[in-house]
Each structure stands twice: as C-alpha cells, then as structure tokens.
Amino acid sequence: MSASHVSVETLSLPPPGLWHRPGFKRFRRHKLAVFGACGIVLLTLACVLGPMLLPYTDTFIDIRQRFAPPFSGPHILGTDPLGRDILARLLMAGRISLAVGFCAMIIAMAIGVCIGLIAGFYEGIVGTALMRFVDAMLCFPSIFLLLAISALIQPSVPSIVMLIAMTSWMEVARVVEAQIRSLKSRDFVQAAVSFGASHRRIMFRELLPNAVAPIVVAATLNVAHAILAESYISFLGYGIQPPTPSWGNMLESAQSYLTSAPWLAILPGAAITLAVTSFNFVGDGLRDALDPRMDLG
Amino acid sequence: MSSFLLRRFGQAVLLLFIVSMIGFAILHLAPGGPMSQFAAGGEMSQEDLDRIAQQLGLNRPLPVQYGEWLWRMLSGDWGRSYRDGQTVTAIIGSHIGATLQLMATSTVLAMTFGAWIGILGAIRRYSLFDSLATVGAMIALSIPTFWFGLVLIYVFSVWLGWLPSGNRYTIGDGSLMNQIHHMIGPVMVLALVSTAVWSRYMRSSMLEVVNQDYVRTARAKGLSERSILIRHALRNALLPMITITGLHVPTLLSGALVTETVFTWPGMGRLFLDSISYRDYPVVMGILMFSAVLVLLGSLTADLLYGVADPRIARSG
Amino acid sequence: MLALGLLAGGGALIGGQKRAAAQMKPATAPAKPRGQVVAGISQEPTVFNPLMPGSEVDQGVWWQLFSPLWHIDPQGRFVPDLAREVPSVANGGLSADGLTWKIRLRSDAKWHDGTPFTAEDVKYTLELINTPGFRVRNRIGHNLVRDIAIVAPDEIHWRMEGAYSPYLSILALTFMVPRHILAKADDPNTAPFNNRPIGTGPFRWGERVAGDNLLLQASESYHGAGPHLERVVFKYIPDLTALYTQFRTGQVDYLGIGGIPAHFAKEAESLKGRRISRSPTPFVEHIALNLEFGPFANKVVREALYLAMDKQARIDAIYYGLPVATESFLPRESWAFEPDLPVHRHDPARANALLDAAGWTRGANGIREKSGVRLSFANSTTTGNPGREQSQQLLQQDWRAIGAEMKISNMPAAVIWGDFWQKSKFESVTVGSNFMIGNDPDVTPRFSGKAIPAKQGAGLNTYQYQNAEMDKLLALGASQFDQRERKATYSQIQRMIREDLVLLPVYQSVMAEGLKEGLNGFAPNINCSSNCWNMRDWFWAS
C-alpha cells in the first residue's frame, strides 16, 4: 500500500489537497469511474429535486388512469395498478433506496472498522475471537441471513437499514484487520508505541488514517451491495413496506403484471441496475486509483 | 499436510458451532413464531395454542432449547419439520438435488464462458472486446438477479414463447429434453454473476502469468503463441481459478435462492423461503447449518487446491 | 393464515355455482377409473393426519384420502358417508334434548389396506381428539362427548355434556382415522401414518415429492360411487402468476385453492378449451377493529369510517369486480345468511357530519381529534400481499377525506398472527376470515364476551367485543336444533354485529377457479372447506 512509506511526521501534517493527489488523477483517467460518479450525482440530484418539479406526487391515486403505458399521456413513464405516476414513484423510491444504501453503508463501516481495528490491533484472544465471529457470519449466504432476520422483524426503513448493515460489515472488518495487522509492525507505529501513546490514540490517529484507502473502496462497494440487498428483500416481500416506495418494493408485484404491463417491472429494475453499476464503477476506479498495484480493470 | 488439514478441520467445527449459536439466537429471539401459523387459521383458541407450544417445547428457556437441539444435531437428529413432521435431513435431501443441478450446470457454463472471455480479454488487452467484457462484467455484477430473471421470462416466455416460465419439468413428461428446456432460463440467470466473476479473475490471473519469466522464455524460444498460451499460460492461470469456485459457494447459494423463487424451481432456496414464512424453525436451522457446511467445504477445498497449485503458499489462519 | 392472504389478496371472484353448472355438458362417468387430473395449488399440502391443524390445501387432500361420517352438499344438506343416515330427532338418532346421539354405520366400508371400517374406529377417532397430548386442530364440540358405547360393529352411541347443535356440522368435517394403525403407534403425533396415511376415501396414497407434487391413486375398494379418475396429482406452484400461466398452457387441469389472480380472470374466461368457475368462498374480507383502542371505542367513529369507505371502488379496481360486497360476516350461501341487513353506501359528507356533530374537530394537518384523542390509527395486514396493500392505500385516501389518519403498518405473517393479533395488540387489521364452524353459523368463539384471548378467554374474539345480549343470543343459537328457529336467532346476531359495526365488512371473497374443458363433476361447495371435496365424482368426458 502507498501508505506504508509514510512516516509518523508527515501524518501529523494536513493531507495534500484531494485534487493534487496522484490517485485522483488516476481516478479521473478511469473513464468508467467518471461515468459512475456522474451517474451517482445525476441520480441523486434527480431523486432530491425531481419530485418537486413533477405535477404528480408519488402517492396520488387516480384509478381511472391506471396502467397507462409510458410515453402515452400526461404520465411520462406511465402509471401503476393504482394509477400513480411511475416517474414520481421512481424518484421518491430512489430517495429511499439511496438513503438506505448510504445509511446502511455508514453503519456497516462503523461496525466493520471498529471490529477490524480492535481485532487487528490486539490480535491474541480478542482478535481471534472477533475474527472467528466474522468468519462465522460469513458462513451464511447473505440472502439466507437477510431473509431469516427480515421475516422476523417488523419492517420499517430504519429496521431494514440496520438489518442490511448487520449482514454486510464482515468484509470490511476483514479488510481492515488485515491492513492494521500489516501496519502495526511499521516504524511509525513502533515509534508511537515507544513514545507511550495510548492504545486508542495509536489505533485512531496512527493506524486508521493509513488504512483509509481500502476503507473508502469498501465503503463505495458497500453502498452498491446495500442497494441490491434492499431490492432483494423487498422483492421477496419482507423489505420496506408500501406505501413507502422503494425500488425493490416497486418490483414486488410487478411479476404478476409482466404480461400486461411490463414497464412496471422494467423501470425500477433499470433504476437499480443504473445505481448499483455506478457505485461499482466508482468503487473499481477508486481501487485502481488508490492502489495502483492492483490491476483488475 | 495432515496437520494442516486437521487444524483447518478443527477450525471448521468451531466455526460451525458459532454459526449454530448465531442462527439459533436470531431465529428464536425475534418476535413472531411458529405458533402464529396455527393462530392464523382462526380455528384454534389460545388454550389449544399454548398446548401445542408446550408440546413443541417452545415455552422453555432458550439455552435449554439450544442445548437440546445441539445435542440432537450432534447425534445426527436434525429434528422434524413443524409442517409435515418429516425429518429435516429428509426434507433437505429431497430438495438439494434440484439446487445442485442448477448450481453445477451454471458453474460449468460460467467457467467455460468466463475463462474464454477472461483469456481473450487478457490476450487482447485494451481492445474493444476487452473493454466491452469489462463493462459487461460490471453490469452483470450490478443487475438484481431476480430482475434479470423477470426480464428473461418476459422476453423468452411471454414475448417469444421459446422457454417455459418456470418449473423443473412438465408433469407427465420427465424426459431429458424437457428438463433441459426448463433449465435454460434459471441456469442463464444463475450463471450471469458467476461468468462475470470468472472472466474478471481469469483476465487478471492470465495477465499475471503472461508476464512471468517462463512465458517470456518460451516466447524467446520461438514457440507459437498458441502453444505458449495452452501449454504454459493457461495451465498456470487455471489452477488458482479453481479455488475461486470454492469461495464462490455462498454467492451461488444466494443466487440459487432468488433464481428458484423467480422460476418456481423446487429447490433449497424455495424450501428456505417457505420454511421461513411458516416459522418452521427446525428446517430453517437445518438449511442454515447445511449451507454453512457447504460454504466451509467450499473454502476448505479452495485452501487445499490453492496449496496444491502453489506449494509456496504459507498456510496460516 | 397464508391462505387467508392468498384467498383475499390474490384475487377472489364471484358468480356462483349456477354458471359453472350450466356450462357443464351432460356426460356420463366411465365404468372404470380413467385418466388423471393435475390440480395446481399455490400452497404445499404438508399435513396428512386429518385431525391435526392443516390448511385448506391439506383439507383438499384429506377429502380424497378420508371420509367423514357425513358431509354437507353445495345446497347445505347433510349427506351420509360412513354413517348410514344422518342422525335427527325424527329418525331417532338424536334425543329431543339433543344430548343422546345414536349413529348407525355402513358395514361395507374398508380402509385402504383392506381392514373393515367399524364403530371401533369412530370411537378411537373421538377419543384421540380428546387425548390431552395429541396435537389436534381443535376440540370444539368434541370435548362435550361422554360415554361412548359401541353397541354393534356398525352402531355407536354417545352422550353430550350439553346440547350443542353445531356438532352435526363439526362432524361433517371430522375425518375418521384407522384405529388398527394409529393405536399401535408410540406417539400419534409422529406416527409414520402422518406421512403415509391410510383412509377410507376414494383415493389412496401414492407418492409425495416434497416441495413439488403429491400423487394419489384411485382406491378400488371405495364404498361410494366413484372414483372415476385413475390418478390425482396435487402440483404445488407457489407463485400465482406462474400457476395461472401453467393453467393457460395446459400443464395444469384444475387451478383451485389460491385461484386465478383477479386481473387475469377476464382473460382466463376468453381462453379456448378452459372454463372458469367464479366460486364463492366462506371468507369475508373485513377491517377488524380493536374496540378497546382509543377512537374505535366510539360507535360514531366506526360508523363514519364505514360511510367514508368506498367499497365498490376497491372491489372494481383492485379485484376487477370479482368479490361481492357484503354486510354480514356469513357467506350468502349459508342457510343462516340474513339478506336484509342495512346496505352500506359511500357517503363521506354524512360521515363528516356525524363526526362534526359528535365533537370530533379538525386539528393539525386536518386530522380530527376529540378531548385529546386523535383520530389516527394503524392498519396492518400480512406483508407481501399486493392486493391488500393497494386496498389499504385506497382506504387511506378515503379516510383522509374525513379527517381520519390511517397509517399502514404491515408485518410478516409470523409476527402479525402471533400475540399481536391473538392478544389484541393491534389497532386495526385488514383480514379475510371464515367465521363459520364447518358450515354452522355459530360464532360464539368470535363474538362472545368470554372468548377474548386478551382477557384470558378461550376463543378468537380479538375484537374484544362485549355485549351481554349477544352472549345470550349465542348461547340460544347453539342449543337450538330446529333450523328455522336457529335462522331467526342468527338473523338477530347478524343484525346486532352490523348495527354495532364490530367489524367493517368489505366483501365476501370469490375465487376464480379454472378447469379444462371436458373435466366433469366439479361442484364448488362452500360447506366443505375445499372445492376438491368431491373429486371422486370428477371424470373426463370421453
């Protein structure tokens, strides 16, 4: 990792401006990553601002207008089985889905980073116990675990966020643990130890900043994962409940209208794919940019 | 070698133990329970319900329930389904075939196509094909599997009428052709993600090998590009690939669950969903444990093969 | 349970037996069993001991494997099956006080393994139901049976602890189980019989592929007419759309329980070589109100909410006109159904006026309140039921118009039907229920003040409805044996429930069932818990 050559002195200095880092240049050269970043910005803007510009709200029911196909009338992307405007619902659902993805990522990161830090720093019994717990959690195929829990709780946006976070922090913990373990033996950490710095200081001031690169990459990919996870459990009926729209639950009943109103299934799915692809592109670009030695793309 | 095996085995057993505790805790601590399926029928009074709960041992303290479950599990009794009273092992046994059929077929397909795409991409690095393959793989990894399934059904079953929209075979016609016909859709869906994963790993693995000294030497010796690829590069690039298959088991299982739902495929995934909605704890626990065993076997195999492929690998953790 | 959701949410239609009957071409049954029927169902049959708790799908299978003493035909008449005649005061089977029962049995009935069926089996069945450790569906009625005496191999007598007229109906849905097999088992709860049942029904156990299908074979020794089919296959297809697709493409001969999704019903009716039966079900979709919850305690509020509900809009829009609007908790096919209840009309203006007059004033956000109580409540139903979810959203809009705020809070089946429902922790629930016991209108467990589980009562009165007058009527109805007298009693009960708006009735569910042309004998029967009740009479036209 590039961070391995940084000494303890330079770390206490403010980091160089983002724009001037070589990593950012590499990121900008990565066309797909730029495309992904644009996709995220556009989607976010559309979901935040879009609903205010539309003549319909996402909950306005107009039974006479139901099942209007896209581009056929006042409803640009058509209407659903209750005659609600699909574009308005897509955008409102986007708010929820993106927010769920983002919040779940934050929580998953917080858990994963803490556990990874502690496990990597202390190793020994604490570290082993924590990492075995991580291993055990990873033994469950993620959807199995998600469904087992979601069928048992009362679904709401916060509970779904927690649920997704609870089942997606393990990879981060592994990445951070490995990183911390390798950083621990470096000179600057040994120096901090010899100065008598507290454990907490070493962990959060010396080790963590040097593990930022993989964490940022993992965080970006985690958002993509969370959005997908939300769509899976909502599709299977255990996710976010109507009338709150989410991309996943817009798809829930779409299967039964596949013959008569295929746009009900196609549009939300396309939105999910777009969002997830964007985050994956960005994550991929970040990985290339922050760690030039790994060349998967 | 054998001490390594033994250690890995010991670790796997310990992991399974933790897995069982987590699974048990999650299922039993959540609100709702198997009793509500009886209550929903609307015929039973609270008395009846309490009586059944007692018979099923649901009103005892959780550690006691867990202890008993674990003890039985160790002696080979995975319990009986609350729904039809069959043993959990029999139920899993009768569903696993359909799932393995899907998983195996799609893995073979994904290996073939993924390897091909990856190799071609590595040879013609930065070509149009390579770029398309890279973007395609990224999108494939981002598509919600179930949605891809829906789109397939719409295009090939509803619109074109080429493929059946679900099921493992037509009743009364269990012929091989009929079964294959039914498999095309779900296998395509399940293979999508694996193909993407394979092509990406294959590409980078191939790139690494191509730059190794022995390949350069072979080239210097004037061997044809084709024989270099097959004799040297491919063989060395494929070995680590096999480990990917082992590590890919959890993703495959998750994918199978979703695919089975969309295509009404009578496998483990659907069994799991059914059992969850009935709160059939013994079956849900059984499937969780069973899939954990599969996952551990997968990673164990991956470790072993990795060791075989590259004896220099340090065997730690 | 899940079936509730499927029935009501998946789409239920109306029409009646007449239509299905009219479409049936007169045809004669073959002399020997011939051909097979693939019955597509959306839930998997898993319980094969007919005394244990089972779904409608399970019951559909029980009808093929087992026989009751008598059953009830589509017109509501009792028809003897294993009994030689249905006991009545007139034929001496019942004493005038309803306490002594004397049943004479057929002597030519045999179990599938060849053992003759005798009075011992009846005695064993009744005793097993009352065995404390046995996981029985319920003991209502059976727990009153005392002093069972076998007079002859084909005659059995018993005494009832109290007069209980619904017991005739209960027995019509109580299948006899073989003593010679179950008595040998260590524990009837886990006996091998439960997964390889032996009965006296028209079909015997063939093979079960768990998660996929169940095959039954014609029984050669069946004591009644039929069966005319060689095989019956119950094919489990969990997705209603996939199920319908397979019916359309001909992989499924009969699409029953679960039915054709409402939005496909029109299309289905135009299919060539298929016919659609709009079969009424005993399920009444209603908004269950927790009468102990704040605003609902007030009858004016319930009335206003009912007036503001646009019933027809949801029937037409969401269920494509298939279900029938109803005012009663009984299906209209029941002999006790009261057709002259006050008819609901959609009148938001009147609802607003009622609330205004009662002192519910509009507060913040236009939501009404009265002495600190906001007219705001949650409505719950099972998750993953699109029809219900849409229905809730329409309701939300209807009620918003009169200043009532309805929040939607749906839960997985395992959560909602647990303590949340049983112990009346809900505010309001959208649910479809069959209120009858068998085909008997006795609703003591539903509306008696002593049947509130939240108040230590034994029953299903989760509405927490308490009315001394109702309790008196319920006791009277259950002790009357003359059907005309009983009809009068249950009329009054229906009036009282409608008057008090204990629940807001929406519609009676109707299922669109599909059959292949040429399949004869199908006869929807609301009294039998499954329209597969008479598969023994089904046959293919040659």
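This is a predicted model: local features need pLDDT of at least 70, side-chain atom pairs count only at pLDDT 80 or more; totals for chains, interfaces and linings use all residues.
Hi everyone, thanks for coming. Let's begin with chain B. An unreviewed UniProt entry lists residues 12–30, 102–123, 135–160, 180–198, 237–263 and 283–306 of chain B under "transmembrane region". I picked two of those spans to look at in the model. Residues 180–198 of chain B are 100% helix and 0% strand, and the end C-alpha atoms of that span sit 24 Å apart. For residues 135–160 of chain B, the figures are 88% helix and 0% strand, with 28 Å between the end C-alpha atoms.

Now, how many residues does each chain bring to the contact between B and A? Chain B gives 43 residues and chain A gives 42 residues. On the chain B side, at least two residues come from each of α1 (2–29), α6 (128–142), α7 (145–159), α8 (176–210), α11 (249–262), α12 (268–278) and α13 (281–309). If you sort that side of chain B by class, you get 34 nonpolar, 8 polar and 1 charged residues.

On to chain C. Here we have 16 helices and 21 strands. The C-alpha atoms of chain C fill a box of roughly 75 × 55 × 40 Å along the principal axes. Chain C has a radius of gyration of 24 Å, which agrees with a compact globule, because one of 542 residues would have a value near 24 Å. Of the 542 residues in chain C, 57% count as buried. And for contacts in chain C between residues at least 6 apart in sequence, 71% join residues at least 24 apart.

That's my tour; happy to chat.

Technical notes. Residues are numbered from 1 along each chain as its sequence is written. Chains are lettered from A and ligands numbered from 1 in the order in which they are written. UniProt positions are given in the numbering used here, feature names are shortened, and annotations may be inferred rather than shown by experiment. Helices (H or I, at least four residues) and strands (E, at least two) are DSSP runs, numbered from the N terminus. Two residues are in contact if their C-beta atoms, placed from the backbone, lie within 7 Å. Ala, Val, Leu, Ile, Met, Phe, Trp, Tyr, Cys and Pro count as nonpolar, Asp, Glu, Lys and Arg as charged, and the others, Gly among them, as polar. The radius of gyration is taken over C-alpha atoms; the globule rule is 2.2 Å times the number of residues to the power 0.38. A residue is buried if 20 or more other C-beta atoms lie within 10 Å of its own, exposed if 12 or fewer, and partly exposed in between; C-beta atoms are placed from the backbone.
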